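Please look over the sequence and the structure shown here before reading the notes that follow.

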Amino acid sequence: MTGDAAVGTDDLFENAPCGLLVTTTDDVVIRTNQTFLDWTGFSAGDVVGRDFHYLLDPGSQAFYATRYQAELWARGAIREVAFTLIRADGTPMPILVNAEMPSQADPASAVVRVAIFDSTVRHDYEREMLTAKRLAETSESSLRVLQEASTRFLAASTDVELSAELASIARDAFAASEVAVLLADEHGTFRVDTGAKNEQMIRQLVEAWPIDPLSITADAVISIESLDQAYAESPRVGDLLRKLRTEALTAVPIAEGDRILGAIVCFFGRPRALDQQVLELQRALARQASLVLSRVRLQNQLERLARYDQLTGLANRTLVTERISQALKVSRSRENSIAIIFIDLDGFKLINDRLGHRVGDMVLQTVSDRMRAAVRDTDIVGRFGGDEFVILCEDADEDAALAIAHRLAAAVRAPIPTLAADFRVTASVGVALHASDSRRFETSDSLVRRADAAMYESKRSGSDHMTVSAS
Amino acid sequence: MIRLWDEGDTVGDRGQDALRRNNVRITGNPDGQPILFVHGFGGSQETWHAMTPEFEADYRVILMDHVGSGDSDVSAYDRAKYDSLHGYVDDLLEIIETLTLHDVVFVGHSVSALMGVLAVNRAPELFDRLVLVGPSPRYIDADGYVGGFSQEAIDDLLNSLDSNYLGWSSAMASTLMGNAERPELRTTLEESIRTIDPAIASQFARVTFLSDNRRDLADVTVPALVLQSTEDVIASYEVGKYVHENIPNSEFVLMESRGHLPNLSHPAEVSRHIKAFLG
């Protein structure tokens with residue numbers, strides 16, 4: 001028969017299929033079983049009287065001292081925490097730990113009971129799983145960022161909108177405390193439209209940075225991982241970053257071929273290891289943004305083309321009509337009167353027929369420039385076609401409207417130096433007024449028709465006349 | 001008596017949001033000097049539960065949970081904001097300003113001791129004193145500096161945290177240890193450390209263990225007390241000494257308590273030293 005010794009409590013403790021320890025609540029080992037000593041290669045004297053956690057590797061010790069201890073004090077129990085223990089011969093041994101700390105009346109006699117399981121196989125499997133999980137999460141999250149960017153960029157129709165979306169996406173994707181987006185406008189000046197705070201930060205950075213902007217190429221990436229690195233770059237940059245509560249920084253150019261269109265600048269509040277994955281994702285975002293920027297700008301250009309007269313640069317009929325409609329809407333609430341001035345050039349047909357279209361074009365351009373200079377900043381001069389012009393004056397009463405109309409007539413009347421003396425251009429002017437409290441229902445068409453009719457009256461009276469249509 | 005804030009205090013909507021967000025609780029003497037207890041990584045305001053009774057007679061005791069810990073409003077967690085200590089410091093200053101506190105005593109444990117350093121540097125006019133329990137301004141060794149950990153060790157730690165959180169929620173749900181002796185304390189403490197979102201814990205761990213705030217120590221202008229545990233593997237004696245030597249007007253006390261959580265394991269001793277410091 002199997003002896004009682006095999007099932008005696010002593011044997012159960014000493015030779016249990018797991019390591020068993022008892023420690024004080026301060027983690028000092030009081031007693032261990034034989035299994036533990038066999039597994040670890042320690043003798044009782046090595047372990048008893050020592051802090052248990054010193055048997056663990058440094059990473060485990062840190063986890064022990066923070067989360068593990070807090071949990072033990074909170075619940076009085078720990079289940080299945082993974083540690084790595086360092087054996088007597090220095091080799092690592094992955095373990096799973098269960099522990100219990102029953103509360104006792106006398107703290108001096110309080111103990112913790114610990115059970116240790118060898119989890120070498122499980123550990124390797126878990127680490128593999130963890131690595132795979134992390135890898136999957138990383139590529140999945142990169143993909144998600146780019147997909148989301150793609151969707152959100154679709155809606156952007158201006159530079160500013162694009163900047164805002166890009167900054168928001170970058171902020172989330174990289175957990176950056178601030179993201180600034182720089183974009184060059186059509187004059188080549190870089191602007192920051194992502195908020196006054198980070199615009200300030202960029203300004204200060206550009207001042208302090210000893211980098212020649214002309215030397216930045218389309219594939220350059222600036223990356224600072226810590227304040228130490230910043231200070232190594234230059235004390236000025238280091239101090240500035242500290243002031244900005246920034247300890248790491250990346251800057252990625254937005255480029256179209258070799259041309260730099262802008263940059264995405266991420267600010268981080270702590271040191272960051274900026275690995276390839278992060279930089280690749282930033283580059284990918286920048287490439288996407290570049291494409292969207294091209295689209296946005298092309299779109300804007302087309303819209304401009306559709307609303308402005310190519311020859312004179314004046315607003316075209318579509319745009320003027322739109323503006324008049326808007327002005328009518330606003331007129332009542334703002335108590336603004338509106339004036340429409342319709343101008344037809346006298347003598348223009350003759351010039352075109354006798355002197356040719358090139359001269360005719362030049363006359364139109366000259367007259368257009370002069371008319372633009374003759375009106376207020378808020379007025380719009382538009383070309384309705386041929387030699388007809390419509391001017392919208394918002395917030396102009398009768399006196400103001402007439403003053404503007406006279407200035408316009410004078411501008412057209414003034415001699416054009418390159419033109420032969422026989423050929424004179426003057427304006428037949430019609431003015432239609434719409435008072436803010438007018439009870440008359442007006443549309444932009446009806447207003448323009450009234451002005452046109454008034455202009456026709458002027459034409460019938462001869463050249464260079466002005467007629468006002470009563471409102 | 002625990003109440004959210006004093007009746008009659010009017011705080012704006014935003015202020016109310018801040019107090020709710022951080023599960024702010026105020027106890028103690030409403031006329032006393034305010035003392036703000038800030039927990040460290042892995043804990044919550046309940047890690048101070050054994051100490052706060054010592055202060056309630058004479059001080060106005062303010063407790064809070066960092067967003068993502070304890071009973072804070074997890075929906076307020078923002079990966080970009082909380083990617084560094086600065087986001088947490090913003091919250092602390094917002095709480096202090098919302099409650100219109102002055103002459104605040106900041107008691108910070110572990111990483112929150114460094115939040116105290118940053119808070120005091122940003123708004124010295126709000127603070128009277130700073131108590132740092134088990135502080136470390138940088139955990140990774142560097143040239144001429146002993147943080148206590150190599151880069152590999154910290155990487156190991158972060159891996160270890162990630163793998164231990166793998167099954168965390170389920171493990172926690174199954175370990176309700178009803179205990180006869182002090183069940184009410186156990187339950188409160190246990191519930192407050194109940195579930196930490198693994199993603200948040202992972203990021204908070206990185207913020208804690210990868211930060212470097214050595215430069216900020218020299219800027220502290222209020223009197224400071226460094227409380228050092230014997231045998232603290234996270235914040236060793238050398239590190240505690242470093243902190244003391246770099247904060248201009250500071251005292252250093254080596255306690256008998258052992259381990260990194262003296263506020264839990266030796267609350268009476270920690271309280272005694274703080275009281276002596278406050279005078």
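Predicted model: local features only at pLDDT ≥ 70, side-chain atom pairs only at ≥ 80, totals over all residues.

Residues are numbered from 1 along each chain as its sequence is written, chains are lettered from A and ligands numbered from 1 in the order in which they are written, and side-chain values use heavy atoms, with hydrogens and water left out.

**Interface between chain A and chain B**

- In chain B, 58 residues are in contact with 51 residues of chain A, contact meaning heavy atoms within 4.5 Å.
- The two chains bury about 4,900 Å² between them, 53% of it on carbon and sulfur atoms; buried area is the accessible area (1.4 Å probe) that two parts lose on being put together, summed over both.
- Between chain B and chain A the count is 8 salt bridges, a salt bridge being a side-chain nitrogen of Lys or Arg within 4 Å of a carboxyl oxygen of Asp or Glu.
- Arg242(A) and Asp216(B) meet through their side chains in a salt bridge, at 2.7 Å from N to O.
- Several helices of chain B each supply at least two residues of the side that touches chain A, among them H2 (85–98), H4 (151–165) and H7 (198–210), where helices (H or I, at least four residues) and strands (E, at least two) are DSSP runs numbered from the N terminus.
- H4(B) provides the largest share of that side of chain B, with 11 residues.

**Largest cavity**

- A search of the whole structure finds 6 cavities of 30 Å³ or more, a cavity being a set of points on a 1 Å grid over the protein atoms alone where a 1.4 Å probe fits but cannot get out.
- About 60 Å³ of space lies in the largest cavity, where volume is the space filled by probe spheres set on the points, which are joined across faces, edges and corners.
- Its lining residues, which have an atom within 4 Å of a point, include Thr23(A), Asp27(A), Phe52(A), Tyr64(A) and Val114(A).
- H5(A) gives the most to this lining, with 3 residues.

**Salt bridges over all chains**

- Over all chains the count comes to 42 salt bridges.
- In one of them, Asp309(A) pairs with Arg383(A), the closest N and O atoms being 3.2 Å apart.
- Asp309(A) lies in the loop between helix H11 (276–305) and helix H12 (317–334) of chain A and Arg383(A) in strand E12 (residues 380–385) of chain A, so this pair ties together parts that are 74 residues apart in sequence.

Technical notes: 1 Å grid on protein atoms, 1.4 Å probe; cavity = no way out; pocket = protein on both sides within 12 Å on 5 of 7 lines; lining within 4 Å.
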